[in-house]
Amino acid sequence: MSAGLVILIVLLIAFVGFFLGRTRAYKSAGGDIRKLHSRPNYYGLTVAIYAAVPALLFTILWLLLQPLYIESQVSKMIDAVDIPDGGSLDLVMTDVRRISDGLDVAVNAGTMTEDQIATMRADLSDLRARLGEVGIAVASDVQQNVLDAAREYRKLSTKLQIAMSVIVIGLSLAGAFISMMRIQPDYRARNTSEHAIKALLILSSFVAILTTLGIISSLLFETVHFFQLYRASDFFFNLTWNPQFRGGSDLGILPLLWGTLYVSFVALIFAVPIGLLAAIYLSEYASKNVRSFAKPAIEVLAGIPTIVYGLFALITVGPLLRDYFAQPLGMGNSSSSVLTAGIVLGVMLIPFVSSLSDDVINAVPQAMRDGSYGLGATKSETIKQVILPAALPGVVGAVLLAASRAIGETMIVVMGAGAAAKLSLNPFEAMTTITVKIVSQLTGDTEFASPETLVAFALGLSLFVVTLGLNILALYIVRKYREQYE
Amino acid sequence: MTDLSTSGAAAPRGPHSSSLLVQDANTRKRNAAESRFRLYGVIAIAIAILALFALLGSILYNGSSSFRQAFVVLDVYLDPAKLDKDGTRDLEKIAKVSTFGYAPLIAAAFETKFEDPEIGVEGLSAKNAAKLISKEGPAELRRYVLANPDMIGETVQFEFLASGRIDGYYKGRVTMETAKLDKNVSPEQLQLADQLKEAGVLAIKFNTGFLTRADASENRPEAAGLGVAILGSFYMMIVVLCLALPIGVAASIYLEEFAPKNWITDIIEVNISNLAAVPSIVFGILGLAIFINFAGLPQSAPIVGGLVLTLMTLPTIIIATRASLKAVPPSIRDAALGIGASKMQAVFHHVLPLAAPGILTGTIIGLAQALGETAPLLLIGMVAFVRDFPSAPPEGFFDPAAALPVQVYNWTQRSDPAFVERASGAIIVLMVFLLIMNAIAIVLRRRFERRW
């Protein structure tokens, strides 16, 4: 029985339980609902919650733990001899899983019987070819031990699957039954169900914490793994980035960090003045008509997915810069360059900077403006000498937030900045960033054994720490600044 | 405190100008600075709006042609001598004829066309003429024959996709000059294409296949479509909606209505605002490490994409929901509590329905964000080349699928320039979906927004 079906059955039990509970409550009061402590629906709801919630939570826990348990049991059966040169236990376990899945498929397709599988010997039957027939590709010829492990894997999964179905459905029925038994006219069904609902609400609000924990733990765990294989000092101080498939790679973060900072710097040079001036113009000068047109137009920029900006960089901005600037100036022939990615990233950041600065400018009290006008200052003098200095911390916060956005942005730099890790000052040259390398090192590869893949996690952790630090700093500055005027 | 009137010595500095109506140099300078500053503002706005139009314009300019496509209509004689030598109409035997076995049928169809004196270019054999047809053509023919084996021996009219180069010729991507250098197309073939167009055999039509077909391999861009990607994105949106909306609303209700003011609540709040600022690629790493490697969910599956996007969308939904819960005036809660409702009843029966339009608007905007998100999906394997449509949910959630924005990225990585057109076309489709979602959000807000 599959997990989906079990969950469906549990939900069905809860659904039926709701109506049964309601009817039972109604009957227990002799048809007079004034005698009940709560309205009949609450009795039904209690039954449904008792039937569904523990059973579903248990299912989730089981599904998380089952693969771990099976893996630990089965991997004991694999000897060190079975692991091919250059492979790892993980790779063998993948094969085990594949063979076990393949056997399932073969049985379902009717090309093998359970008896055949039980008596099969790896050296006699050509398992690889037979699995190939049903569409499961196995990397190498199957060893006897691996086959045994696969058989064991299959047996354990089936056994545990059945055990889970029985326990979960039993739990659900027991929950429904117990709560049904407790139904009496003075049973405080509303309080019980409200407590349960409140617990669910609290649980959902913990999802945010769980996500953060998940991010940190997955990054940290694999990063530690990486640093066991690769020296940390090389990672942080090596000036070359040159991953090799056959080991002996240079995985220094510095060229990537340089590319990231350079692209972000170009983007901010472009976005901050434009965003800030646009915000100032819209909030201090623009007539109502201009504002009603320009403000939504800038907001539309914020709603456009980054892949669109990426394509814009790739097919329009990149070739334009190459043909009209880089080549005539003799500074490069590449259409993907720091400048391409930087400008497009800058366009993406304009609405971000302008809406944040808009908030900040509007937070400056009107009295300060009035005071300045009263002294005879013009509008621009007021803005330059009163509003901006007053809003400066907020603007700095906005710039920091924008910088954190720029550093973490992926698609625009993947499509616009290029893939060559270089330490160069020429803005027309292709350079690469941390996010680009995370994508290229992780795409299509999930065997986390080599430092070349694991480095992505170290890069991810660096990225996470930098952006988080910038955000916290920015929020701190903005909050401090707000307190000044409240 | 300053008191200017008592000092009396505040003599005006500089010489007085003779008239109030004539500006002195200083005022002129200040006024010039004023209008300069104003101009900077106008320029900034102009650059922003120009960038928007350049962005949209370039995508529309490059992509709109992907909705048109050159088709060739041919009468193909399904030759029994080639398809079914024994004449037994045995499906297994017919299936043995591979796609390559069908190519001669198309060449033969051109042979018949060449009997028309108007059609035919010197030095162009029927076999080469058949290259006008997409490589997908023989495959389509084979599928048709396998579905209708009775038609063998008949002449059937087919509408084939023209090959990518021929299609590009009518979109200005391929010219006679480039064709001379191109090994995939020759000027003679282009001349033939012109003749066929004249004769009405080749026509440019609206390309529904772009929206319904699956992705196609590197050398047949004309057959590449968005079907799998649209379906995959749709599945992911279902997952996001089913998870992010209930969890987000539940979390916001707790934080806004029930949570005591203590350090745990503070941690949750800080967490939510930080999650909103975590780079999207980090969520991809999370998905890869937790959902695929730890929990063992399949790669490229909409369920994994949906889960990752759910975690990304949650902060958006929570922030929007909390804002709209906050907008419901406390008098509503007080009134409900006053007539004996429990706190839970007050929230679920009165506050939540009033906040629903705001929550819905926030959810739609969150979904629109999730729909356009690309980076995390790259890491969880959605870049894989997927030709098969995922089955119906719930199994379909676990089948490999593509996603709209990832399909765009995928196409930009291919060498044939026809894919750039496709990628821009896919962006147009994506933007249309986003436009619809945002329009619904705006309408909802206008319609149901209540001011208290």
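**Chain B, from strands to domains**

Mentor: E1(B) is joined by 7 bridges to strand E2 (residues 155-161) of chain B, and the two run antiparallel. This is a predicted model: local features need pLDDT of at least 70, side-chain atom pairs count only at pLDDT 80 or more, and totals for chains, interfaces and linings use all residues. Residues are numbered from 1 along each chain as its sequence is written, while chains are lettered from A and ligands numbered from 1 in the order in which they are written.

Two strands pair if DSSP finds at least two bridges between them.

Chain B has 20 helices and 3 strands (DSSP runs numbered from the N terminus: helices are H or I, at least four residues, and strands are E, at least two). Its radius of gyration is 32 Å, well over the 22 Å that the globule rule gives for 452 residues, so chain B is more spread out than a compact globule. That radius is taken over C-alpha atoms, and the rule is 2.2 Å times the number of residues to the power 0.38. Along the principal axes, the C-alpha atoms fill a box of roughly 115 × 75 × 40 Å.

The domain assignment, which is automatic or from a database, gives chain B domain 1 (67-207) and domain 2 (227-448). Their centres, taken over C-alpha atoms, are 45 Å apart. In the contact between them, 4 residues of domain 1 of chain B meet 4 residues of domain 2 of chain B; contact means C-beta atoms, placed from the backbone, within 7 Å.

The UniProt annotation "transmembrane region", from an unreviewed entry, covers stretches of chain B including residues 37-61 and 234-255. Such annotations may be inferred rather than shown by experiment; positions follow the numbering used here and feature names are shortened. In the model, residues 37-61 of chain B are 100% helix and 0% strand, with end C-alpha atoms 35 Å apart. Residues 234-255 of chain B are also 100% helix and 0% strand, and their end C-alpha atoms lie 30 Å apart.

Technical notes: Two residues are in contact if their C-beta atoms, placed from the backbone, lie within 7 Å.
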